[in-house]
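Q: I have a structure open and would like to go through it. Can we start with the aromatic residues?

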Amino acid sequence: MSEDNAWYLIAKDGSGKAVGLSHFRFDLDNEIEVLYCYEIQLDKSVRNKGLGKFIMQILQLLAHRYNMQKVMVTVFKDNEKAVNFFTKLLKFVHTLCFLYVSRLRW
C-alpha cells in the first residue's frame, strides 16, 4: 500500500473492522483519462449485500468529479461471478479479452 499513484477506498463495519477495499489509480489509457480499478475485495460476511456495487458507484463518482472519461477494470473471463457483477449489475461493456469499461455519460 505504498505505491505513489495508488489510491485505496476502504469500507469498515460498525466496529471499525475493514470489510472491503478497492485499489485504484487515475491513469491514461491510449491518451484517455481513466480511473482504473485494480482490485475490489470484500470480506465473505458482506458479499451479495450491495457493498461491492456501492464501492464501484463511489469510484464512478470520483471519476466524474475528476473528469475521467471511463472507469476500467480487468476481469478473468473464467470468473463468471465477477463478469456478471460488472456486466449485468453495473452495465460495464466488454472491450478486450479481460477488460471491462464503464463509459461515463454526464
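Q: Is Phe26 buried, partly exposed or exposed?
A: Phe26 is partly exposed, at a relative accessible area of 28%. Buried means under 20% relative accessible area, exposed over 50%, and partly exposed in between, with a 1.4 Å probe and protein chains only.

Q: What kind of model is this?
A: This is a predicted model, where local features need pLDDT of at least 70, side-chain atom pairs count only at pLDDT 80 or more, and totals for chains, interfaces and linings use all residues. Residues are numbered from 1 along each chain as its sequence is written, and side-chain values use heavy atoms, with hydrogens and water left out.

Q: How many aromatic pairs turn up in the whole structure?
A: Six. Rings of Phe, Tyr and Trp (its six-membered ring) pair if their centres lie within 6.5 Å; planes under 30 degrees apart are stacked, over 60 edge-to-face, and the rest tilted. One of the pairs is Phe26 with Tyr66, which is edge-to-face at 5.5 Å centre to centre and 65° between the planes.

Q: Where do those two sit in the chain?
A: Phe26 is in strand β2 (residues 18–29), while Tyr66 is in the loop between α1 (51–65) and β4 (70–74). They are 40 residues apart, so the pair links distant parts of the chain. Helices (H or I, at least four residues) and strands (E, at least two) are DSSP runs, numbered from the N terminus.

Q: And how exposed is Tyr66?
A: Tyr66 has a relative accessible area of 44%, so Tyr66 counts as partly exposed.

Q: Which charge lies over Tyr66?
A: Arg65, at 5.0 Å from the ring centre. The criterion is NZ of Lys or CZ of Arg within 6 Å of the ring centre and within 35 degrees of the ring normal. Arg25 has its charged end over the ring of Tyr38, also 5.0 Å from the centre.

Q: New topic: Phe86. Buried or exposed?
A: Phe86 is buried, with 5% relative accessibility. Phe86 belongs to helix α2 (residues 80–89).

Q: What does Phe86 touch, leaving aside neighbours within four places in sequence?
A: Phe86 is in contact (heavy atoms within 4.5 Å) with Ile40, Met56, Val73, Val75, Lys91 and Phe92. Met56 is 30 residues away along the chain, and the two C-alpha atoms are separated by 9.3 Å.

Q: What is the overall pattern of the protein chain?
A: The order along the sequence is β-β-β-α-β-α-β-β.
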